[in-house]
Amino acid sequence: MSTATTPESRELTPVSADSLAALLVAKERPPRPSALSTSVTFGWRAILKIKHVPEQLFDVTAFPIMNLLMFTYLFGGALAGSPGEYIQFVLPGILVMSVVMITMYTGISVNVDIEKGVFDRFRSLPIWRPSAMVGYLLGDALRYTIASVVMLAVGLLLGYRPDGGFVGVVAGIALLLVFSFAFSWIWTMFGLMMRTEKSVMSVSMMVIFPLTFLSNVFVDPKTMPGWLQAFVNNSPITHLASAVRGLMAGEWPGVEIAWTLGWAGVLLLVFGPVTMRLYNRK
């Protein structure tokens, strides 16, 4: 009568180190992912975070609507004679202000991931190093687009009529997204430098509030004192607001568009390398 062989009674065949190494390298390694694919993947990760925490969309929906209603109906009569006249001027400006202000959440997201230790895993992956940062910005570009669409929808209900039509509106939003992408690199830098997300928010607000309010977002700079006009007329937010306002009005403000793209290029060239240097040394 034969006895059954149990797993415990089987002897393990020893495998040499050379055989094991040969087995591991026998299969061809998968190709290294491209910079575009990794950046899109990290961007999709940022979008999924919005899906699981939809409260993140509060700042791109309720906050812009509140600003538009408040400034249009509180100051429209005093500044332009009627809310209907004022909204033609102020809506593109508030659109710029709202999107620029929410760019600071990019730095907050970076800081949160650092505190959780996620970045240690990212840095160990064989991928293009800036893709993690670019992914944050691509994901936030969706939030900026949502804010723009919400603002325009509410503005149309309130009587805003862009003379530039669909093409002018799309061109204005596209220019705003390009500038916001470059502007967000400032906050990724702060997200890597600061210890807590509250510190990132505090520093960001100290920069954004003066920069957005000391501009032509709400009023024409001609009514300001001369020394203040010198600052406001050369502010990147003023150039951006004038360009977006002109495009939506059916004009082609070439000088303002050039200034806006120039500011975007400078911000990207200055803060992009600084951010990546901090990221590599973090």
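Biologist: How many helices and strands are there in the protein chain?

Modeller: In this predicted model, the protein chain has 12 helices and 0 strands. Read from the N terminus on, its elements go α-α-α-α-α-α-α-α-α-α-α-α.

Biologist: What share of the residues counts as buried?

Modeller: Of the 282 residues in the protein chain, 41% count as buried. The chain also exposes about 15500 Å², and carbon and sulfur atoms supply 68% of that area.

Biologist: Why is L267 called buried?

Modeller: Let's set the value against the cut-off. Buried means under 20% relative accessible area. L267 has a relative accessible area of 11%, so L267 is buried. You can find L267 in helix α12, residues 254–281.

Biologist: Which residues is L267 in contact with, leaving aside its neighbours within four places in sequence?

Modeller: L267 is in contact with F179, A182, F183, I186 and G272. Look at S184 too: S184 and L267 are 83 residues apart along the chain, and their C-alpha atoms are separated by 9.0 Å.

Biologist: And P83, what makes that residue partly exposed?

Modeller: The label partly exposed covers what falls between buried, under 20%, and exposed, over 50%. P83 has a relative accessible area of 26%, so P83 is partly exposed. P83 has its place in helix α4.

Biologist: Which residues does P83 touch, its neighbours within four places in sequence left aside?

Modeller: P83 is in contact with T72, Y73, G76 and G77. Take Y73 as an example: P83 and Y73 are 10 residues apart in sequence and 5.7 Å apart in space, C-alpha to C-alpha.

Biologist: Which residues of α5 are buried, and what covers them?

Modeller: The buried residues of α5 are M104, T106, G107, I108, V110, N111, D113 and I114. Their cover includes α2, α4, α6, α7, α8 and α9. Just after α5, G117 takes a positive phi of about 85°.

Biologist: What do the buried residues of α9 pack against?

Modeller: They pack against α4, α5, α8 and α11. The buried residues of α9 are V200, S204, I208, L211 and T212.

Biologist: At what angle do helix α3 and helix α7 pack?

Modeller: Helix α3 (residues 58–80) and helix α7 (residues 131–158) pack at an angle of about 35°, with their axes 9 Å apart. α3 passes α7 in a right-handed crossing.

Biologist: Which residues of α3 and α7 meet?

Modeller: From α3 come D59, V60, T61, P64, I65, L68, L69 and Y73, and from α7 come R143, I146, A147, V150, M151, V154, G155 and L158. These residues divide into 12 nonpolar, 2 polar and 2 charged.

Definitions and conventions. Residues numbered from 1 in each chain as written. Predicted model: local features only at pLDDT ≥ 70, side-chain atom pairs only at ≥ 80, totals over all residues. Heavy atoms only, no water. Axes fitted to C-alpha atoms, helices over the stretch in contact; angles between N-to-C directions. Helix = DSSP H or I, 4+ residues; strand = E, 2+ residues; numbered from the N terminus. Left-handed = near helix turned anticlockwise from the far one by under 90°. Contact = heavy atoms within 4.5 Å. Nonpolar A, V, L, I, M, F, W, Y, C, P; charged D, E, K, R; others polar. Buried < 20%, exposed > 50% of the residue type's maximum accessible area, 1.4 Å probe, protein only. Areas by Shrake-Rupley, 256 points an atom, 1.4 Å probe, with all protein chains shown as cover.
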